[in-house]
Structure formats: structure tokens, C-alpha cells
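Open the chain in your viewer and keep the selection tool at hand. The tour goes from one stop to the next, each with something to select.

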Amino acid sequence: MKNNKYLIILILLFYSNYNNAQTDNNENFKIVENELIWQKIFPMQVEYKIYYDNLKTNEFLNSLTENSNSISGKSNKKDLKIKSPYWASFPFDCFIKIEFKDDKLRVSISNITFDGPEIEIYGVSDKLDYKLSTAAQKNGEMKNSKKVQEVISTLDKFFNDTMNPNIAESKDNW
């Protein structure tokens, strides 16, 4: 009887860890009207001007433009060297909007598109781009494949590291 108790506790422990592992990867990604969007709110511990200047020095973000209380625009292409799945092995770009309010900022990243190859068949050329929204979700639900979860996790880490104003500040003040 004691062994059964331990077995049940062990199963519950593994089950809860499995569920947490599945949901942690998608924490900042959400699906809105069949579009996969990365969104996160950061506390703003640096001045707006310092944050904006740091963004302009980043090759991925230097094409963003400043508005009255936001920064937005299409990013430059970035290759994260993801090997698999096929569509994620290409460089990607996205639309970024950063909104400021009080002492925090909200970063929304949408239209994440991997820049696929140009293919020619019978003299007709076509460019194959791969939208993350199409490749990583179906019918409003995130695909639960290991490869898709790895891509989502890699993008999440990259966006967190790139957009966090407090990380940008700590790089300057070593």
C-alpha cells in the first residue's frame, strides 16, 4: 500500500512538471485572430532616450521609427541558425511595436516571417516565405510538436534578450 502512495505521488510530480514544461515555452506568445504574436511588458528602469539609442545600435532593430509615445516598424532580417524544421532555417523578419506608459513598456511582435527560397518551375519564379502563424499553429491552437516548441523557445529567448530595456542598460554599465 505504501508503494502505491509513492507511485501516485511520483506520477503526479512528473505530470505537473510535464505540463509546466509545455506551457513555459509559449508564455509570451499568444494567438490573436489566427496570428501568432509575441507580447511582453517590461518595467522601464532606463530613460526612454537611452533605450531608443540602444535599439538604433542593434542591426535587427535599427530600421524602427520613433513616434510620439511609441516605436514601431519592420525589423531587419535575422538568422538564428535554427537547423530544423526546414522553414525555420531561413532568416526572419517581423513587425515590432513598442508602446510606453508610465514606467513600463509593452513590446508586441507580429507577422514573424521566415525568408524562404525563390523557386522557379517551368520558367515561373515564386518566392516561398514561411509565416510563423501558419507553420506553428493550427485552428487557433499552438502545434505541440517538439521542433515547433524549440523554434518558439528560441524566438522567445531572442526577443527577451533583444527587447529588454534593463538588459540593454546593463550592457552599457559594466
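**Stop one: an exposed residue**

Select Ile121, which is exposed, with a relative accessible area of 51%; exposed means over 50%, buried under 20%, and partly exposed in between (1.4 Å probe, protein chains only). The model is predicted, so local features need pLDDT of at least 70 and side-chain atom pairs count only at pLDDT 80 or more, while totals for chains, interfaces and linings use all residues. Residues are numbered from 1 along each chain as its sequence is written, and side-chain values use heavy atoms, leaving out hydrogens and water.

Ile121 lies in strand E7 (residues 118-121). Strands (E, at least two residues) and helices (H or I, at least four) are DSSP runs, numbered from the N terminus.

**Stop two: Ser72**

Is Ser72 buried or exposed? Ser72 counts as buried, at 14% relative accessibility. Look for Ser72 in strand E4 (residues 70-74). Its side chain makes a polar contact with the side chain of Asn67, at 3.4 Å; this term means a pair of N or O atoms within 3.5 Å, one able to donate a hydrogen and the other to accept it within protein, and residues adjacent in sequence count only if both atoms are side-chain atoms. Leaving aside neighbours within four places in sequence, Ser72 is in contact (heavy atoms within 4.5 Å) with Leu64, Thr65, Asn67, Phe95, Ile96 and Lys97.

**Stop three: strand E2 and its partners**

Select residues 35-43, strand E2, which runs antiparallel to strand E1 (residues 29-32) and is joined to E1 by four bridges. Strands pair if DSSP finds at least two bridges between them. Phe29 stands opposite Trp38 in E2. Two residues lie between the strands of this hairpin, where Glu33 takes a positive phi near 50 degrees.

Next, show strand E6 (residues 104-114), antiparallel to E2 and joined to E2 by six bridges. Here Phe42 stands opposite Leu105.

**Last stop: the whole chain**

Zoom out to five helices and eleven strands. Of the 174 residues, 36% count as buried.
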